[in-house]
Amino acid sequence: MAQYRKITMLLSGSDFTPATTFGFQVSAGSVYPNAGITVSQLFTGVQVEISDDSLTELTVGVENGNCLGTVASSSWAAAPTPAPTPAPVTPAPVTPSPVTPSPTPSPTAGPPVTPSPVTPSPTTPSPTPAPSTPSPTTPAPTPAPVGTPAPVLPCYDCGDGTVSLSTSDTNYGTYAQRDVCSTSDASGTITWSSFDRPNRFNVRNNSGIVYTTGWKGYANYAGPWGTSLNTPTTGTDSFTWSGTSGRNVQVEYGGANPSLGDSDSATWQINCATPTPSPVTPSPTPAPTSAPACTNFEVFNDGCSGESGANQVTFTRCDGTTVTNTIPCGDSIDICAQNFTVSEGSDLTLIDNGSCTS
């Protein structure tokens with residue numbers, strides 16, 4: 001019979017980062033989940049299932065980072081053993097002893113007896129009982145309707161398309177994981193986009209996290225990413241599954257901006273690995289070219305119209321990477337890039353601070 005426990009641990013020290021993950025082990029039986037536990041999950045509590053209900057201790061180990069191999073234990077009191085129910089006692093049958101009747105004496109003759117006259121007593125009729133009023137019957141309460149269970153989604157197969165996620169929860173949390181079919185290719189690419197608030201995209205299987213983007217997006221307030229965050233909001237990365245069991249994708253969302261209370265949304269899509277191309281004869285090496293000219297701009301969102309796309313700027317960095325950033329109302333960022341693009345009617349103001357190199 002399994003037991004269920006909520007494991008919570010407080011962690012301290014700069015060696016523990018949002019990317020640090022932990023695994024659970026027990027001395028007998030099995031525990032689930034057993035790997036890929038994040039710092040924030042340990043802080044808020046992780047619900048685990050332990051197959052052996054007699055265990056009173058669980059070991060927590062660090063799976064990666066500077067503290068790899070460090071372990072700690074979490075223990076609890078054993079559940080009391082219920083007292084046994086006594087077996088029913090059947091009484092032994094009692095056989096009565098036979099009784100010998102006493103002999104009846106012979107009648108003795110005597111003088112005749114004259115009976116006395118009997119005067120009947122008057123009979124008083126019994127009173128008629130008053131009719132009883134039945135007590136009102138309280139009807140049994142109507143049972144509450146049972147809600148419709150959430151539909152079980154089929155496993156996601158390579159190339160099934162975009163998965164869209166959204167929530168109005170203003171706290172840190174995780175979206176429900178989406179299982180990935182075990183028949184998918186052994187490797188592939190994940191294309192992700194983070195909107196509104198920071199997100200972290202994790203590709204996992206039974207052995208733990210096989211790929212993570214880390215926290216992506218923009219935040220001028222503290223969270224699991226640190227004191228602030230300014231990273232690309234979309235991208236495509238390659239990964240390789242390390243096994244076929246327990247494949248899934250889980251997306252985390254950061255807490256809302258305290259001054260805005262904004263909602264969150266994100267998308268992801270997995271594609272099959274690109275076939276190995278045929279060998280191509282290399283072209284002659286071109287003459288080296290000079291580095292592209294880059295300009296440093298400070299970009300302000302001083303319009304604050306709230307129109308869709310009016311707070312976005314798209315630019316090409318000096319290394320040729322194209323990035324799109326969203327700038328909240330009243331905030332600004334410094335950018336060093338080859339060129340800039342903002343939408344018509346943009347809320348943004350760009351200030352040229354001269355040339356830059358990175």
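This briefing describes the strands, cores, pockets and cavities of one protein structure. The model is a predicted one, and the protein it shows has 358 residues, of which buried residues make up 31%. Its secondary structure consists of 1 helix and 23 strands.

**A four-stranded sheet**

- Four strands form an open sheet in the order E4-E2-E6-E7, and the pairing is antiparallel.
- The edges of this sheet are strand E4 (37–38) and strand E7 (71–75), each of which pairs on one side only.
- Strand E2, which covers residues 21–25, pairs with E4 in the antiparallel sense over 2 bridges, and the bridge partner that Thr-21 finds in E4 is Thr-38.
- E2 also pairs in the antiparallel sense with strand E6 (residues 57–62), here over 4 bridges, and in this pairing Phe-24 stands opposite Val-60 in E6.
- E6 is joined to E7 by 5 bridges, with the two strands running antiparallel, and Gly-61 has Val-71 in E7 as its bridge partner.

- Not counting residues up to four places away in sequence, Ile-37 touches Thr-20, Thr-21, Phe-22, Phe-24, Leu-42 and Val-46.
- Ile-37 and Gly-61 are 24 residues apart in sequence, and their C-alpha atoms are 10.0 Å apart in space.

**Nonpolar cores**

- In soluble globular proteins, nonpolar side chains tend to be buried together.
- The largest nonpolar core has 18 residues, and those that touch the most other members are Ile-190, Phe-239, Val-251, Trp-268 and Ile-270.
- At least two residues of this core are supplied by each of strand E8 (163–167), strand E11 (187–195), strand E12 (199–205), strand E17 (248–253) and strand E18 (264–272).
- If residues up to four places away in sequence are not counted, Ile-190 touches Val-203, Tyr-211, Gly-235, Thr-236, Asp-237, Phe-239, Trp-268, Gln-269 and Ile-270.
- A second, separate core has 17 residues, including Ile-7, Met-9, Leu-55 and Cys-67.

- The largest pocket holds about 600 Å³ of space, and of the 32 residues that line it, Asp-196, Asn-311, Thr-326, Ile-327 and Pro-328 lie nearest its centre.
- Two or more residues of this lining come from each of E11, strand E14 (218–219) and strand E21 (322–326), and the largest share, 3 residues, is that of E11.
- By residue type, the lining of the largest pocket divides into 10 nonpolar, 17 polar and 5 charged residues.
- The second largest pocket has a volume of about 420 Å³, and of its 24 lining residues, Tyr-32, Pro-33, Ala-35, Gln-177 and Arg-204 are the closest to its centre.
- Helix H1 (39–44), strand E5 (46–50), strand E9 (173–174), E12 and E17 are the elements that give two or more residues to the lining of the second largest pocket, where the largest share, 3 residues, comes from H1.
- The lining of the second largest pocket is made up of 6 nonpolar, 16 polar and 2 charged residues.

**Cavities**

- Rolling a probe the size of a water molecule over the atoms shows where empty space is left.
- A search of the whole structure finds 2 cavities of 30 Å³ or more.
- The largest cavity holds about 40 Å³ of space and is lined by Gly-36, Thr-38, Gln-41, Thr-174, Asn-202, Arg-204, Ile-209, Gln-250 and Glu-252.
- E12 and E17 each supply at least two residues of this lining, which divides into 1 nonpolar, 6 polar and 2 charged residues.
- The second largest cavity has a volume of about 30 Å³, and its lining consists of Cys-158, Ser-184, Asp-185, Ser-187, Gly-188, Phe-239, Trp-241, Ile-270 and Asn-271.
- E11 and E18 are the elements that give two or more residues to the lining of the second largest cavity, and the residues there divide into 4 nonpolar, 4 polar and 1 charged.

Note on methods:
Residues numbered from 1 in each chain as written. Predicted model: local features only at pLDDT ≥ 70, side-chain atom pairs only at ≥ 80, totals over all residues. Heavy atoms only, no water. Core = buried A, V, L, I, M, F, W, Y, C linked by side-chain atoms within 4.5 Å. Buried < 20%, exposed > 50% of the residue type's maximum accessible area, 1.4 Å probe, protein only. Contact = heavy atoms within 4.5 Å. 1 Å grid on protein atoms, 1.4 Å probe; cavity = no way out; pocket = protein on both sides within 12 Å on 5 of 7 lines; lining within 4 Å. Points joined across faces, edges and corners; volume = space filled by probe spheres on them. Nonpolar A, V, L, I, M, F, W, Y, C, P; charged D, E, K, R; others polar. Pairing = 2+ DSSP bridges.
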